[in-house]
Every structure is written in C-alpha cells, then in structure tokens.
Amino acid sequence: MPWVFLVIAAFMELVWATALKQSDGFTRLWPSLIGLSVALLSVVVLSLSLRDLPVGTAYAVWVGLGSLGVAVTGMIVLGESVTVPRVACLALILIGVIGLKAVEG
C-alpha cells in the first residue's frame with residue numbers, strides 16, 4: 001500500500017503544478033486554490049507512504065514521477081518542446097524510479 005500512496009501523491013504533483021501554471025502567478029482564483037489544495041493533499045498522501053518507506057526513496061520517487069508527469073503533460077497538453085535530449089533525460093528519471101522500486105521492494 002505505501003507504493004500506491006506514493007504513486008497517488010506523485011500524480012497529485014502533476015495536478016498541482018499544472019494548476020499553478022494556469023493560475024498565472026496566483027492572479028486567477030480557481031487554478032490557484034486547486035494548485036495549493038492539491039499540493040497540500042499531495043504532501044499528506046506522501047506522508048502516508050513514509051510510514052513504511054525510507055524517506056530518501058519515497059521523496060526521490062515522488063519528485064521523479066511528479067517531474068516526469070509534469071514534463072510530459074507540458075509537452076502533450078501545453079505544447080512545450082519535444083526533443084530527443086529532453087525525452088532521453090526524462091527516460092533516465094523513469095529508469096531511476098524503476099530502479100528505486102526494484103531495490104526497495
């Protein structure tokens with residue numbers, strides 16, 4: 001169950017980061033409220049995974065999956081650039097997350 005919490009928390013990273021982008025520097029109310037609320041909820045769910053996982057592993061996976069999700073969302077939804085070096089670096093993040101899961105169990 002801690003890994004499920006961790007993946008949920010990482011998905012929330014994608015939601016809050018995208019909402020904050022849409023908030024236009026906290027000048028738009030609803031995206032700002034969604035971003036801040038989901039960010040707080042993400043940390044709460046992360047804390048549930050920390051009951052059973054080492055903090056270093058959990059935090060690295062949380063940030064890694066969250067960053068990967070936000071970057072892919074930016075490329076697909078927001079029209080950010082898709083380049084071979086960028087995709088290769090994102091693949092390395094995914095490989096690192098998979099590696100942490102493999103060694104942590």
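Good morning. The model is predicted, so local features need pLDDT of at least 70 and side-chain atom pairs count only at pLDDT 80 or more, while totals for chains, interfaces and linings use all residues. Residues are numbered from 1 along each chain as its sequence is written, and side-chain values use heavy atoms, with hydrogens and water left out.

I begin with the overall layout. The chain has 4 helices and 0 strands; helices (H or I, at least four residues) and strands (E, at least two) are DSSP runs, numbered from the N terminus. The C-alpha trace spans about 40 × 35 × 15 Å along its principal axes. Of the 105 residues, 33% count as buried, where buried means under 20% relative accessible area, exposed over 50%, and partly exposed in between, with a 1.4 Å probe and protein chains only.

Next, the core. A nonpolar core is a set of buried Ala, Val, Leu, Ile, Met, Phe, Trp, Tyr and Cys residues joined through side-chain atoms within 4.5 Å. Here the largest one has 13 residues, and Leu6, Leu46 and Trp62 have the most contacts inside it. Two or more residues come from each of helix 1 (2-22), helix 2 (29-49) and helix 3 (55-76). Helix 1 gives the largest share, 5 residues. Setting aside residues up to four places away in sequence, Leu46 touches Leu6, Ala9, Ala58 and Trp62; contact means heavy atoms within 4.5 Å.

I turn now to helix 3. How far apart are its end C-alpha atoms? They are 31 Å apart, which agrees with the 32 Å that its 22 residues should span at 1.5 Å a residue; the expected span is 1.5 Å times one less than the number of residues. The buried residues of helix 3 pack against helix 1, helix 2 and helix 4 (84-104). Among them is Thr57, with a relative accessible area of 9%. Beyond its neighbours within four places in sequence, Thr57 is in contact with Trp3, Leu100 and Glu104.

Helix 1 and helix 3 pack at an angle of about 40°, with their axes 8 Å apart; axes are lines fitted to C-alpha atoms, for helices over the stretch in contact, and angles run from 0 to 180 degrees between N-to-C directions. The two helices are therefore oblique to each other, since angles under 35 degrees count as roughly parallel, over 145 as roughly antiparallel, 65 to 115 as roughly perpendicular and the rest as oblique. Thank you.
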